[in-house]
Amino acid sequence: MTLTPRTSTTLTQFLIEQRRRYPDASGNFNALILDVALACKAIAKSVAYGALADLLGNHPDEGGASVNVQGETQKKLDVLSNDLFIRMNEWGGHLAGMASEEMTHPYPIPSHLPKGKYLLVFDPLDGSSNIDVNVSVGSIFSVLRAPAHVQGGADLTETDFLQPGCQQVAAGYALYGPTTMLVLTVGTGVNGFTLDPVMGEFMLTHPDLQVPADTQEFAINASNARFWEAPVKRYVDECLAGRTGPRGKDFNMRWIASMVAEAHRILMRGGVFMYPRDTKDLGKAGRLRLLYEANPVGMIMEQAGGRASTGRAPMLTVQPQELHQRIALVFGSRNEVERIERYHAEPVSFRDETPLFAERSLFRD
Ligand code: AHG
Ligand code: MN
Ligand code: MN
């Protein structure tokens, strides 16, 4: 079978064609995106080798496995992916600094290297619990402008990263699945690229992606049902009631535990993803992190005609308070996310607040 490529547009060509819209653009931005893409290619290769290169399992540390600032055990590939992002992006002269899920503090560009006007924030490997069982994982990245004082030479601080998602200049993810894909927005819509493993190039295969406004598929970790707030319980119960309930149609459920994989499914065929605030750990506002998970995926969803929300407010308007801040996250098909927001906006009835009067639910223990 001769593989006739569906497209001959490479990521490089796509970026150059986008840049022609801004004649005074320096090309630094494009070079930065290509450095990020190179890091993702290197991670794809490491993920593909897995056990063959002794890359599965936890990252060893004295007395066991290393733990990151999130309090989560680090996998070998978490640490390697973080190192690859740093090494592939620190030298190009496009960045003033980086921040990562796997690093407690921001990473300033070493003094011997040139600095640039952007900040790169990333989750180097998302869905790490799936690595050892060979289920798709991904990388998530977000590009911000470095504040003027940093561009003027001031030392980088955590505060420089605390910018709302609407200030991102680019965002995207790589998905290490049956194919390796890069999904990118530079603020002019969303485009998908598939890695040609022989050429080593990301090829434009999914131009102008749009999230369908409606869906019959929802994604949530149902084992947390007893901790959900009333609006989430109501939404999920209505989905489960299917055509016999107020929605008048049956729903399907998915939960991969790799947000990148869920986001890609939703981008391709619609759906809604929920990791809401719940009462499981009142010290956490949510499971996912605002700067390098919710905001970049949120920009992708909004740029593709979908919606991203905390359940109570648009995600990209949230003013971050700290680098590793967690947040409730709902994203996907616009009409479903807006329904969930409506449920959160409705006055909470006494019944909802008082379990004694709450209706029986499939999930109530
Ligand atoms: P990470 O592997 O970067 O820590 O992210 C995992 C996140 C997200 O990808 C996924 O949707 C969620 O954690 C899964 O959480 P549960 O394990 O609680 O289902
Ligand atoms: Mn993650
Ligand atoms: Mn991660």
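Are Asp 126 and Glu 293 buried or exposed? In this predicted model, Asp 126 is buried, and so is Glu 293. Both residues, together with Asp 123, coordinate the manganese ion (ligand 2). The manganese ion (ligand 3) lies 3.6 Å from ligand 2, and Asp 123 coordinates both ions.

**Manganese ion (ligand 2)**
- The donors to ligand 2 are Asp 123 (OD), Asp 126 (OD) and Glu 293 (OE), at 1.9 to 2.1 Å.
- Along the sequence, the donor residues of ligand 2 follow the spacing D-x2-D-x166-E.
- Asp 126 belongs to strand E5 (residues 118-126) and Glu 293 to helix H7 (residues 290-303), so this pair, 167 residues apart, links distant parts of the chain.

**Manganese ion (ligand 3)**
- Glu 101 (OE), Asp 123 (OD) and Leu 125 (O) coordinate ligand 3 at 2.2 to 2.3 Å.
- The sequence spacing of the donor residues of ligand 3 is E-x21-D-x1-L.
- Because Glu 101 sits in the loop between strand E3 (95-100) and strand E4 (107-108) while Leu 125 is in strand E5, the pair ties together parts that are 24 residues apart in sequence.
- Glu 101 has a relative accessible area of 3%, and Leu 125 has one of 1%.
- Buried means under 20% relative accessible area, so Glu 101 counts as buried, and so does Leu 125.

**Bridge between the ions**
- Asp 123 bridges ligand 3 and ligand 2.

Note on methods. Residues numbered from 1 in each chain as written. Chains lettered and ligands numbered in written order. Predicted model: local features only at pLDDT ≥ 70, side-chain atom pairs only at ≥ 80, totals over all residues. Heavy atoms only, no water. Donors = N, O, S within 2.8 Å, 3.2 Å for Na, K, Ca; no water. Helix = DSSP H or I, 4+ residues; strand = E, 2+ residues; numbered from the N terminus. Buried < 20%, exposed > 50% of the residue type's maximum accessible area, 1.4 Å probe, protein only.
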